[in-house]
Amino acid sequence: MSEIVNVGREQVHVVRSGPVDGPPVLLDSGLGGAWFDWDPVAALLRDAHRVTVFDRPGLGASPAGAAPPSLRRDVALAAALAERAGRGPVTLVAHSMAAFHAEALARVRPDLVRALVLVDPSHEHDARARVPVRLSSVLTPAFMAAGAPLELTGAAGVAGPWGRRAVLRHSSRASDPAPDAAVRSVYGRGTVLGTVLAENFAYREMAADLVALRVRRPFPPVPLVVLTALGDVRREGCRRAWSDGHVRLAAMSPRGRQVELPEARHMIHLDCPDAVAGAVAEAHRAAPPAPRTRAARHEETA
């Protein structure tokens, strides 16, 4: 089921599948991603899980955001969607930059998170000193305005899908799971191109906010699986540094584990959807049983 839902001031495109009473799984894309990037993973999960995929404001099929991208905004969105995802806390699966939102949600609302699977996540650890001036909220309107003429002139309809194909050539070994029409409908939107620019510019600020949050809020002892792609990292030193950063992320939880995928590229959920689905199953098995909701307890005693 695909629909636009209201989350506070934002409107968000959400796709749900699987049994309503299945263990809930929430999937969050990286920079510039769309719901259809998760189709191979959702296909493996939806028989046994209640799967929710969403597009952040301005991405995929979601309307433009009312607020600029920020860690606070995106954690609030993830929290609201986790509350609606199904019965009990969710297993949260986040790719790349979305790992910032997932980790922050686990820290500020541990009651909503049963387990985490981070898919080739971003892993800044010392970002506070790198953001002397914060400009993303000021510049986001300019980025959005820049996308409008690209759409009006038809340039976005050419440049957007071309850009996606160019990125996938370097970040995935798999063929694009999305039909051409779906790709054009998403990446031909000036709103999407403007939002990608805005999120990219906000990256350092989000990383800095997460580093600061780590000082104030502990990471809960939930199952945590970190999947590391090494197929598109050529230099040995860079491969080691990328993997070591993921080892540090996995060590946030006493129940954390890192898994290296030497042949996979950054879009692991396209290259190795079975590895992502397997990590979800592993994390789910390792998590304690979800607490029963008040409604469920009432049903049992009625």
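Which element gives the most to the lining of the largest pocket? Helix H5 does, with 7 residues. Please bear in mind that this is a predicted model.

The largest pocket has a volume of about 650 Å³. It is lined by 28 residues, and those closest to its centre are Leu31, Gly32, Gly33, Val167 and Val196. Two helices, H5 (155-171) and H7, each give two or more residues to this lining. By class, the lining of the largest pocket splits into 12 nonpolar, 13 polar and 3 charged residues.

Next, the second largest pocket, with a volume of about 250 Å³. Helices H2 (71-84), H3 and H7 are the elements that give two or more residues to its lining. Among the lining residues are Arg72, Asp209, Arg216 and Arg217. By class, there are 5 nonpolar and 4 charged residues in the lining of the second largest pocket, and no polar ones.

Now the aromatic rings. Phe100 and Tyr203 form a tilted pair, 5.2 Å centre to centre with 50° between the planes. Phe100 sits in helix H3 (residues 98-108) and Tyr203 in helix H7 (residues 190-216), so this pair ties together parts 103 residues apart in sequence. Phe100 and Tyr203 are both buried.

The other pair is Phe143 with Phe201: the ring centres are 5.8 Å apart and the planes are at 55°, so this pair is tilted. Phe143 is in helix H4 (residues 136-152) and Phe201 in helix H7, 58 residues apart. Phe201 counts as partly exposed, at 35% relative accessibility.

Notes:
Residues are numbered from 1 along each chain as its sequence is written. This is a predicted model: local features need pLDDT of at least 70, side-chain atom pairs count only at pLDDT 80 or more; totals for chains, interfaces and linings use all residues. Side-chain values use heavy atoms; hydrogens and water are left out. Rings of Phe, Tyr and Trp (its six-membered ring) pair if their centres lie within 6.5 Å; planes under 30 degrees apart count as stacked, over 60 as edge-to-face and the rest as tilted. Helices (H or I, at least four residues) and strands (E, at least two) are DSSP runs, numbered from the N terminus. Buried means under 20% relative accessible area, exposed over 50%, partly exposed in between (1.4 Å probe, protein chains only). On a 1 Å grid over the protein atoms alone, a cavity is a set of points where a 1.4 Å probe fits but cannot get out, and a pocket is an open set with protein on both sides within 12 Å along at least five of seven lines; lining residues have an atom within 4 Å of a point. Grid points are joined across faces, edges and corners, and a volume is the space filled by probe spheres set on the points. Ala, Val, Leu, Ile, Met, Phe, Trp, Tyr, Cys and Pro count as nonpolar, Asp, Glu, Lys and Arg as charged, and the others, Gly among them, as polar.
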